[in-house]
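Dear colleague,

I am passing on the structure we spoke about, and I would be grateful if you could look through it alongside the notes below.

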Amino acid sequence: MSTPMTGPVPPDHPAHDPDPNVETASAIARGELGDPALQDSLEQGRTGGDGSPVLEDPVLTVKDLNIVYEVGKGVHAVQDASFVLRRGEILGLAGESGCGKTTLAYGLNQLHRPPARITGGSVTFHDRDAAADVDVLALEGSALRAFRWSKVAMVFQGAMNSLNPVLSIRTQLGDVLTTHRPQMDRGERRRRSEELLELVGVDRGRIDAYPHELSGGMRQRVMIAMALALDPQLMIMDEPTTALDVVVQREILQEVLRLRRELGFAVVFITHDLPMLLEISDRIAVMKQGRIVELDTAENLYFAPQHPYTRRLLGSFPSLTGDAGDFVRAGFSGADQEATR
Amino acid sequence: MHLLRKIGFYLVALWAAVTLNFFIPRALPGSPVDAVLAKLALRGPVAPETRQAIEVMLGADTDRSLFQEYFAYLGGLLSGDLGVSVTYFPTPVSQVVGQSLPWTLVLVGLATTFTFILGMVLGTLAGWKRGTWLDSLIPATTILQAVPYFWLALLFIYVLSVNLGMFPISGGYDYTLVRPAFDYPFLSNALYYGFLPALTIVLSSLGGWLLGMRNMMVSTLSEDYILTAEAKGLSPRRVMVMYAARNAMLPSVSGFAISLGFVVSGSIVVETVFSYPGVGFTMLQAVQNNDYSLMQGMFLIITVAVLAANLVVDLLYGVIDPRTRARG
């Protein structure tokens, strides 16, 4: 699999959020993007060199999930979505804007808001720490709140807006711990928060900072630290890097891959950036108009896409060197393009 | 350092206000000496010596330059000498101001603060539970705000005081029963007398706070950090207060700063309708009697009050919104 480049690779896990430094900029200017060593790095990050962290037992089973926006005649945003997510697996969720991928992901945690309503199907969470499975859609009130974040954490699209501007990082990290781990005292919360910041490569001295004092990349790292606070078994990431430039984007992705390897959580990763998904995902679900039209391993999806829409999606990303639509495979013929129209 | 700079800025503003306060009355037509003589002439013939005596009293007899007078004025201010009131002759202006100020500060200050807090709380709830019966609070309070201030006051007096006899018609306390002092009889009496004016202020300004806060709540609730807070599994109460209301109230706090500044001056109508012995009522008396030194004293107090309220809210704003905090 030839890895598409989205940017040069910066040093690993810097303690500070670096500005795109001079060296990186000049590397781009000199056109040294074709360095094969750099290209392989994410691939290695995913497998970690010593095999995949994906286990065989499932963490989440979604069966025939239907979500409808009850406006006008009703918009069927998610139709009969079914998939099984294995422990430690990264499942990519790709598709164009408005295809229902975010609605689907929010439904997994009952985070959808009216007028959206789940009209059918089931979401079952297979808890590592408890014998019984959790019927997520049956949860409500305090049981639902206790389930949220401790089992399924989320990282949202707007790194800039996901943090409350008037509360310090310490308060916002502490909020999670006070709510879900009420037995922890002040000192323990502080220690845990600092530990989490270091885990994602943010200096522990920044714990008293406010969101506006951090760069976009650092805020997203803080969000990831917050998501890790309760050692969740599943993390839903809704376009976590879309608002970031490619350099920071790559750092964050490497961070996520490393943490996944170390901590073993599964990830549902939503983005419209299919090349990026191909790099990081174990499996990819392609959505179109509320349906999962194709679900397969990244390799299969890349080399042998079955659904015409998948082919069209793959064909719509430009290559750095070839013609438009030439990004993926040589042999992506004009006839294929015709067929997808 | 930051605090010192802020206080320095307010001192400069205060100096500018004091200076304007000195020059503006001098630019006005008419003379205070003539005003006093006219007032005296109502009681009977005025002897020429009287005119001279009044000139001496008001400091209009000397040939000092404007510049010298300005410094004499500043010196007088520092020693608390604001001149003599014509209306309440021969009481010094500082004493008149000192007597009326506490009434206004307590009545209008407390009423305004209470309205603000009530508006924030109800606005938070109405925004949080939008689409429920709480939404009907908005048209109800806006109607009360649309009704003219004095008309509402007169209505209350007519219904509650005159017809039902539940409240006194006018005044700050019953001077036949109690004397101003910090004891229970006086304070409870003052509270009884102040209730109706305060109710008028609360009802006639609640709608604005409520509407503003409710709408800010609704738009804040669609922010990403609210969704994050919900995904974090926080209790609804914590999400509502610390994540939604904390952010939604920021614009209202600026508005509160402005309205606090007008606490001292903005009560003329209510105090007049209720004959309440506060600053507004005194100011009306000063204007009606061409009492320049009293007016000057009043303006000074109002200016200082506006500046002080702004300084307080300026500092408070730094506490509630970290983005406005300057950090070294």
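What follows is a short account of the salt bridges.

This is a predicted model, in which local features need pLDDT of at least 70 and side-chain atom pairs count only at pLDDT 80 or more, while totals for chains, interfaces and linings use all residues. Residues are numbered from 1 along each chain as its sequence is written, chains are lettered from A and ligands numbered from 1 in the order in which they are written, and side-chain values use heavy atoms, with hydrogens and water left out.

Over all chains, the search of the whole structure gives 26 salt bridges (a side-chain nitrogen of Lys or Arg within 4 Å of a carboxyl oxygen of Asp or Glu). One of them pairs Asp57(A) with Arg87(A) at 3.1 Å, N to O. Asp57(A) sits in the loop between α3 (41-47) and β1 (58-69) of chain A and Arg87(A) in the loop between β2 (75-86) and β3 (90-94), so the pair ties together parts 30 residues apart in sequence (helices, H or I, of at least four residues and strands, E, of at least two are DSSP runs, numbered from the N terminus). Asp57(A) is partly exposed at 37% relative accessibility, whereas Arg87(A) is buried at 9% (buried means under 20% relative accessible area, exposed over 50%, partly exposed in between, with a 1.4 Å probe and protein chains only).

Arg204(A) and Glu194(A) also form a salt bridge, with their closest N and O atoms 3.1 Å apart. Here Arg204(A), in the loop between α7 (186-199) and α8 (216-228), is linked to Glu194(A) in helix α7, 10 residues apart.
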